[in-house]
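Keep the viewer open as you read.

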Amino acid sequence: MSLKVANKLVVTIHYKLSDDEGNLLDSTEGDETLAYIHGTDSLVPGLEKVLNDKSIGDSLKVRVDAADAYGDILPDLVEEVDRKELAELEPIEVGMEFESEDEEGELTLVEIKKIEKDKVTIDANHPLAGMNLNFEVDIVDIRKATKEELSHGHVHEGGHHHH
């Protein structure tokens, strides 16, 4: 009885992610596979839904709307700050990314969008917000998660983690 993708199982996948224009945004090709615990919101919701009940060896193409991926671009997350607030990051330039704490104290990646004299526009939206995502996914392995993995909510494996 081979397992099918379901909550609390560890699913290992290879994937390619591209935008609607066909530009490759991310891929595990030539790299380690991505292993995650299904049902823990490790993947964007639209992708996780589609993987339910699939089996090892299945390949699928999924187009996920922005709303089911990283959400829409939120204007509130774009703000103008005084350049001196970013003094420790100097020299700063447009396109530079840095980590900043949001209200809940979560680290979030912020990108510098515009620099005018002493005013800097920063954007805390996820870089993929507002974008439809096209995934090609191959299911490599499905196994039961260990107790430890379930309590931590993520997979314990060697190698680096893709987030």
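Of the 163 residues in the protein chain, 33% are buried, where buried means under 20% relative accessible area, exposed means over 50%, and partly exposed is in between (1.4 Å probe, protein chains only). Bear in mind that this is a predicted model, in which local features need pLDDT of at least 70 and side-chain atom pairs count only at pLDDT 80 or more, while totals for chains, interfaces and linings use all residues. Residues are numbered from 1 along each chain as its sequence is written, and side-chain values use heavy atoms, with hydrogens and water left out.

The protein chain has two helices and nine strands. Helices (H or I, at least four residues) and strands (E, at least two) are DSSP runs, numbered from the N terminus. Reading from that end, the order is β-β-β-α-β-β-β-β-β-β-α. Along the principal axes, the C-alpha atoms fill a box of roughly 65 × 35 × 30 Å. A contact here means heavy atoms within 4.5 Å. Among contacts between residues at least 6 apart in sequence, 61% join residues at least 24 apart.

Now for the sheet. Four strands form an open sheet in the order β5-β8-β7-β6, with antiparallel pairing; two strands pair if DSSP finds at least two bridges between them. The edges belong to β5 (78–82) and β6 (97–101), and each has a single partner strand, so one side of each is left without a neighbour in the sheet. On average, neighbouring strands of this sheet are turned by 40° against each other, direction ignored. Those angles come from axes that are lines fitted to C-alpha atoms, for helices over the stretch in contact, and they run from 0 to 180 degrees between N-to-C directions.

Look at β8 (residues 119–123), which pairs with β7 in the antiparallel sense over five bridges. On its β5 side, β8 also has an antiparallel pairing over five bridges. How covered is β8? It is mostly covered, with four of its five residues buried.

In β7 (residues 107–116), stop at K114. This lysine is partly exposed, because its relative accessible area is 42%. Leaving aside residues up to four places away in sequence, K114 touches V94, K119, V120 and T121. K114 and V94 are 20 residues apart in sequence, yet their C-alpha atoms are 5.8 Å apart in space.

The turn from β7 to β8 is a hairpin with two residues between the strands, and K117 sits there with a positive phi near 40°. Most residues other than glycine have a negative phi, and most peptide bonds are trans. K117 counts as exposed because its relative accessible area is 79%. Another case is K8, whose phi is near 75°, again a positive value in a residue other than glycine. K8 lies in the segment before β1 (9–18) and is exposed, with a relative accessible area of 55%. As for the peptide bonds, a cis one joins E90 and P91, with omega about -5°. P91 lies in the loop between β5 and β6.

Next, find the second largest pocket, with a volume of about 600 Å³. On a 1 Å grid over the protein atoms alone, a pocket is an open set of points where a 1.4 Å probe fits, with protein on both sides within 12 Å along at least five of seven lines, and lining residues have an atom within 4 Å of a point. Grid points are joined across faces, edges and corners, and the volume is the space filled by probe spheres set on the points. There are 22 lining residues, of which L77, D102, E103, T108 and A124 lie nearest the centre. The elements giving two or more residues to this lining are β6 and β7, and β7 gives the most, with four.

R63 is partly exposed, with a relative accessible area of 46%. Beyond residues up to four places away in sequence, R63 touches D20, N132, L133 and N134.
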